[in-house]
Amino acid sequence: MVRPTRNKLKEAASQPLHSPSSMPSRRRSRRITGAGEPEMEEEPQEEVEKSEQPLPVGSGNLPGGARPYSPRRTRNLKAQNCMQMEMVTNTVFLRRFQFLSCYLEHLLNQVQQLRRRQFSSRATICVAAFLGLLHWMHLVTLFENDRHFSHLSSLEREMTFRTEMGLYYSYFKTIIEAPSFLEGLWMVMNDRLTEYPLVINTVKRFHLYPEVIIAFWYRTFVGIMNLFGIETKTCWNVTRVEPLNEVQSCEGLGDPACFYVGVIFILNGVMMGLFFIYGSYLSGTQLGGLITVLCYFFNHGEATRVMWTPPLRESFSYPFLVLQMFILTMILRNSSSSRKHFVALCLSNVAFMLPWQFAQFILFTQIASLFPMFVVGYIEPNKFRKIIYMNMMSVLLCFVLMFGNPMYLSSYYSSSLLMTWVIILKRNKIQRLGVSELNFWLIQGCGWFCGTIILKFLTSKFLGVSDHIRLSDLIAARILRFTDFDTLIYTCAPEFDFMENATPVRYTKTLLLPVVMVIAYFIFKKTVRDTLCVLSTNTYLRKQLLEHGELIFHTLQLAAFAALAILIMRLKLFLTPHMCVMASLICSRRLFGWLFCKVRFETVIFGILTVMSLQGCVNLHNQWSIIGEFNNLPQEELIQWIQYNTRPDAVFAGAMPIMASVKLSTLHPIVNHPHYEDADLRARTKIVYSIYSRKSAKEVRDKLLELHVNYYVLEEAWCVVRTKPGCSMLEIWDVEDPSNAANPPLCSILLQNERPHFSTVFQNSMYRVLKVN
């Protein structure tokens, strides 16, 4: 149910903002019509400075209505009186310093008790819940401050979901606006609008289980609230700065966009509580969990981007990776794990892989970390076999739930699982060859590495998915410096560039990088010592040496995440949180017990937290100081023109980011979109982007007609924009199509005279809509 509509009036800014991104602006104020006096912004009152006189030495706290201070009279003191006064003064100051010393000693004792005391499960869960609530509030605040989301209209909220975010949200919108949930699900599983005229199963192609589940929750929530007559949202009329017209804005969980992003922020809030439990378990003390949480907050801008881009796949997927690694840590640490731990491992794998197409490569790095541990002896063969079986079961479950998506069976992850299983079965036969221990390790490692690559290549060819772009292909292109049209479209995007040089500096300022490097050094030192001893000791001593395998696993995983983040900046979202988890080990007695015997534990931890908080508080303040408001008038004009001036079945083509917005807000058919991994879609996009090449207008027109395109949305900025050397559209096309490198750019020709193959039907400061003749 919706309350009667009210007006909220925005103050006119000195200059209207038309930037497509969130730009700093003055907030919109509300005015309630017909409900008494309007709400006015109070003028700041002038602060009157009053001189504050010091209280007499040794006096107590005065009540609220303390008498005014009057200056003392000057008296001549005898020598004896002076000595007495000096003794009294010294006694007062000594007492004050003694009190401060006692207070600090009491505080240190409390920290020591916190370190030694093991909280009950209920207390730990309560602390985790509080930290999760804190992170949820932090995310909501940053998101609202950046966009002023609560005061945007439905169209403006949809426009904030740019590129692939808008594509994912459009399917959530389709399901909730359908007559029933099952009809909406059928519509997204038989979609003809996304790659017109093809009919595709978007749940299978785009990993849309999060949207399906959230849409089901939304319909259930709204249905129950309407059944009991409970209001779910409040709507307002927003008067905007000229020339923008008045729009309606709704707040509350009954609004689809608010419900959608609300679920995402709750999930990532729960993740923070899980980080606390994870860090506490790994380090052996709740103080370690607190360090993990503080490191995450102090490096929040490097750890996540969910507050800026909620609908991205990692926003749904990554929290389940944290859960999966926590469960795996418990399995590795305990000598005998119950069946429920392995079942939980399998289910968390499924929850991690279902929402995100890149998740399988992350799990491949996990298997690559576990396998050498098994070879050396840090994991018992029986336990490792169960871990591999659970991973294989999760792949099969995802394959079934994703309607037979062949990407799950042709990945490096599935190939590595199969090769690991083969080596486990044939391990005894290899051992009978009589080779030395070191050669035995090398044979297994080389067999696993070469077998995984060969098997991945064969399965990709057999299943017909060798042309699909995966995360592994982008990494290979980075390492081998291979460039073509498809890889440049990815790697020219800032999030797929190399890690910035400033990132390690920011890690160092918060002391995260130095702490983790020290921890990794001691773990590596222990590993080398254990490995050398294993090669020359008997079986009994070997079992005693190779303990704490979970520490080795986290160090190897840290190295893998660091390599990925250096090659692709977007993958910092794995490195930074894992560094925060590793930082909890600074409290571990298994690693630093020898240090805590020489130096007080409290001194070390207090010193580290103090230095961390200096830059960490600055980082948090910088995040909280981001104040903006979304406004994109050119795109809004384009969307409204399409809605009111074209047929519902008119087919559109254009740059991938704007095509997602066109589909979301107008429900018109499009021929290309931002989900660029599929080979057929990449071929379509190359045809669409040929308008920014040096090909002839007739050739491009004919190709567009083959795709049944009626209108082309031309962005003039794309004709000249250059994010970095070699990344303008002309430069990318010159790499792909060198035969036409001497011809003039087609885009510049069309801006001057688009006829006879095209005709301009709409134009504003940013977009030009060309009708394909």
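A disulfide is taken here as a pair of cysteine sulfur atoms within 2.5 Å. The model is predicted, so local features need pLDDT of at least 70 and side-chain atom pairs count only at pLDDT 80 or more, while totals for chains, interfaces and linings use all residues. Residues are numbered from 1 along each chain as its sequence is written, and side-chain values use heavy atoms, with hydrogens and water left out.

The whole structure holds 3 disulfides. One of them joins C492 to C727, with an S to S distance of 2.1 Å. The torsion about its S-S bond is about -80°, so this disulfide is left-handed. C492 lies in the loop between helix 18 and helix 19 (502–509), and C727 in the loop between strand 5 and helix 30, so the pair ties together parts that are 235 residues apart in sequence. Helices (H or I, at least four residues) and strands (E, at least two) are DSSP runs, numbered from the N terminus. Both C492 and C727 are buried. Buried means under 20% relative accessible area, exposed over 50%, and partly exposed in between (1.4 Å probe, protein chains only).

A disulfide also joins C235 to C250, at 2.0 Å from S to S. C235 sits in strand 2 (residues 234–239) and C250 in strand 3 (residues 247–251), 15 residues apart. Here the S-S torsion is about 95°, so the disulfide is right-handed. Both of these cysteines, C235 and C250, are buried.

C719 and C747 form a disulfide with sulfur atoms 1.5 Å apart. C719 lies in the loop between strand 5 and helix 30 and C747 in helix 31, so the pair ties together parts that are 28 residues apart in sequence. Both C719 and C747 are buried. With the bonded cysteines of the protein chain numbered in sequence order, the pairing reads 1-2, 3-5, 4-6.

C295 is in no disulfide; the nearest cysteine sulfur belongs to C580, 5.2 Å away. C295 is buried, with a relative accessible area of 1%. C398 is likewise in no disulfide, and its nearest cysteine sulfur, that of C346, is 8.3 Å away. C398 is buried at 0% relative accessibility.

Helix 30 (residues 729–736) buries M729, L730, I732 and W733. Seen down the axis, these residues fall within an arc of 160°, so they line one face of helix 30. The arc is that of the directions from the helix axis to the C-beta atoms. The buried residues of helix 30 pack against helix 18 (485–491) and helix 28 (679–689), where contact means heavy atoms within 4.5 Å.

In helix 29 (residues 697–706), the buried residues are A697, V700, R701 and L704. They cover an arc of only 100° around the axis, which puts them on the same side of helix 29. Their cover includes helix 28, strand 5 (711–715), helix 31 (746–752), strand 6 (758–763) and strand 7 (767–772). H708 follows helix 29 and has a positive phi, near 65°.

H341 is found in helix 12 (residues 339–353). At 18% relative accessibility, H341 counts as buried. Residues up to four places away in sequence aside, H341 touches I327, M330 and I331.
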